[in-house]
Amino acid sequence: MTVDHAARDGFSALFSSDGKDHHREPLATRLLHSFLNVCNEGRIHGEMDGRPAASLFLKSDIGDAPISFENYIEYLACEVVPYSINLSSPRCLGHMTGVVPDFVRPLADLVTRLNQNMVKREASGIFSALERQTIAMMHRTVFGHPESFYNEHIQNPSSTLGVMTSGGTLANLTGLWIARNTSFAPSGSFTGIENEGLPAALRHYGWRDAVIVGSNLVHYSVDKAAGILGLGVRNLIKVPVDRSNGIDLDALRRCVRNCTEEGRKIIAIVGIAGTTDCGSVDPLDGIASIAREAGVHFHVDGAWCLPLLFSSRHCSKLAGVEKADTVTFDGHKQLCLPSGSGMLLIRDPHAARVIEKQTRYILQEFSGDLGKHSIEGSRPATALFLHAALRLIGRNGYGALIDESIFRAQFMADLIRNRPDFQLLTEPETNIVLYRYIPERFRSACTRDLTTAENQSISTCNERIQQAQFRSGRSFVSRTQWDCASEQGPVTVVALRAVIANPFTSQDDIRFVLEDQARIAQELAAV
Ligand SMILES: Cc1ncc(COP(=O)(O)O)c(C=O)c1O
């Protein structure tokens, strides 16, 4: 066999950091500049000349000969980076991902270069202890146990205060996995649902079915969890919300009673702290009482609004979260951290034993390997970002950020209320604003009196505005569907959705976004 020396040397050079690679840094900086040029023009993304992005990625042949790093950077700088989405733009109000503080850049470099693997201590060293400390900081923020509790559990290999995850989806799944396994724990000859599966569990305990209960604004990751956990998506029961978009507690009580009467075991009731649609918070304290009375696991999905706990002005909206059994949290949403900063917090430090896994080459009984409880195997040390942010921004910094975001959402709601061309669809409880544009011919009618056909026509108009706004690259909000009351009963309409969480979004930016939409609407009406 012959060795291709040129290929081998080129390969080695790609891994080296012996000084010969210093040309890579300025090249990589070029990438950033190609993106910043787009940002400096105040745009959300570069103009694609009408070409669909996918048309640039149609070749599937790798090619045998490698290209140079310089050529690859050139390609990225010209063909890829300018067309990514400028999520840090103060006029990009569409989604829950946004601006990242600058201190993250050197830390991200460190995380990548150290390439620690959090699945096992032998590959993560001190970072396992750092991750446990980060989890404990958030656990204390939510559950507020005394100092002695944290002294006992923070680094105790037999205690689990939480699990870091890639995001809210896996945190919800992990919480509901614990709930399912606790509901169908080993008893007598039955060795537990994790081992024997759902049909055996139902037979042993004498239930007809197993269900999860949440409101009809529950995030679709809970649908995924119901499927993955073998319950079936249709066994996620969605209870209606009340006028403030929180779960209707009377309806929840009735649902719990009906489930018990019908032989359906509720493995968890899910409360939402910050719905994806409109940022509303469920009445967590009320749900906690119902769950406790029924002996059911209480899971809170706080992916969006858990950081309200940092604000002395708004933390009371989350009253009752401390009674949850498990709580989902996402650092990459309102804490402005890079993706991969999700977490499940677990009130009882021993509750995670029901999902614990051991294997022969790692994760042995007292190893303290973090992979014992995480769905993911190999996992990066992204806990470093949250660890740093909690020190560098701190409770006060994040509290101020939350206060500002909610204040600006109220400002936007006031602007909308005072304009004849827009309609506020619901009062924002936190920092997501739902509204729609009303074309001139419908403005004189009271919006409750609009017919289904008229609402349909307004929805089509809003859909076109939102798509045109995205294409323009000047500003952006997302869109969803919203159930409104009308003379003919509930009607589902297209809603524009502004997520206000970027600290640099000013009142002028918010005015700009609305003016931009009004201008687009007029342009569309003219053609
Ligand atoms: C309320 C809620 N829960 C869970 C998730 C899922 O989070 P992730 O995208 O980090 O998996 C989201 C995402 O938007 C969310 O809004």
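Reading strands, helices and domains

Q: Which residue is the bridge partner of serine 215 in β3?
A: Valine 239 in β3 is the bridge partner of serine 215. This is a predicted model, in which local features need pLDDT of at least 70 and side-chain atom pairs count only at pLDDT 80 or more, while totals for chains, interfaces and linings use all residues. Residues are numbered from 1 along each chain as its sequence is written.

Q: How many bridges join β2 to β3, and do the strands run parallel or antiparallel?
A: Two strands pair if DSSP finds at least two bridges between them; strands (E, at least two residues) and helices (H or I, at least four) are DSSP runs, numbered from the N terminus. Here β2 (residues 209-215) and β3 (residues 236-239) run parallel and are joined by 4 bridges. Between β2 and β3 the chain passes through helix α11 (residues 220-228), in a right-handed β-α-β crossover. Right-handed means that, with the strands pointing away from the viewer, the path from the first strand over the helix to the second runs clockwise.

Q: What joins β10 and β11?
A: Strands β10 (residues 478-484) and β11 (residues 491-499) are antiparallel, with 7 bridges joining them. One of the pairs is glutamine 481 with valine 494 of β11. The two strands form a hairpin with 6 residues between them, and glycine 489 in the turn has a positive phi of about 100 degrees.

Q: Why is α8 largely enclosed by the rest of the structure?
A: A residue is buried if 20 or more other C-beta atoms, placed from the backbone, lie within 10 Å of its own, exposed if 12 or fewer, and partly exposed in between. In α8, 15 of the 16 residues are buried, so the helix is largely enclosed.

Q: Is glutamine 517 buried or exposed?
A: Glutamine 517 counts as buried because it has 23 C-beta neighbours inside 10 Å. This residue is in helix α17 (residues 507-526). Beyond its neighbours within four places in sequence, glutamine 517 is in contact (C-beta atoms, placed from the backbone, within 7 Å) with Tyr437, Ile465 and Gln469. Its C-alpha atom is 8.9 Å from that of serine 475, 42 residues apart along the chain.

Q: Where are the bounds of the domains in the protein chain?
A: Domain bounds come from an automatic or database domain assignment. The chain is divided into domain 1 (11-86), domain 2 (112-396) and domain 3 (404-526). The C-alpha centres of domain 2 and domain 3 are 34 Å apart, and 12 residues of domain 2 are in contact with 10 residues of domain 3.

Methods
Two residues are in contact if their C-beta atoms, placed from the backbone, lie within 7 Å.
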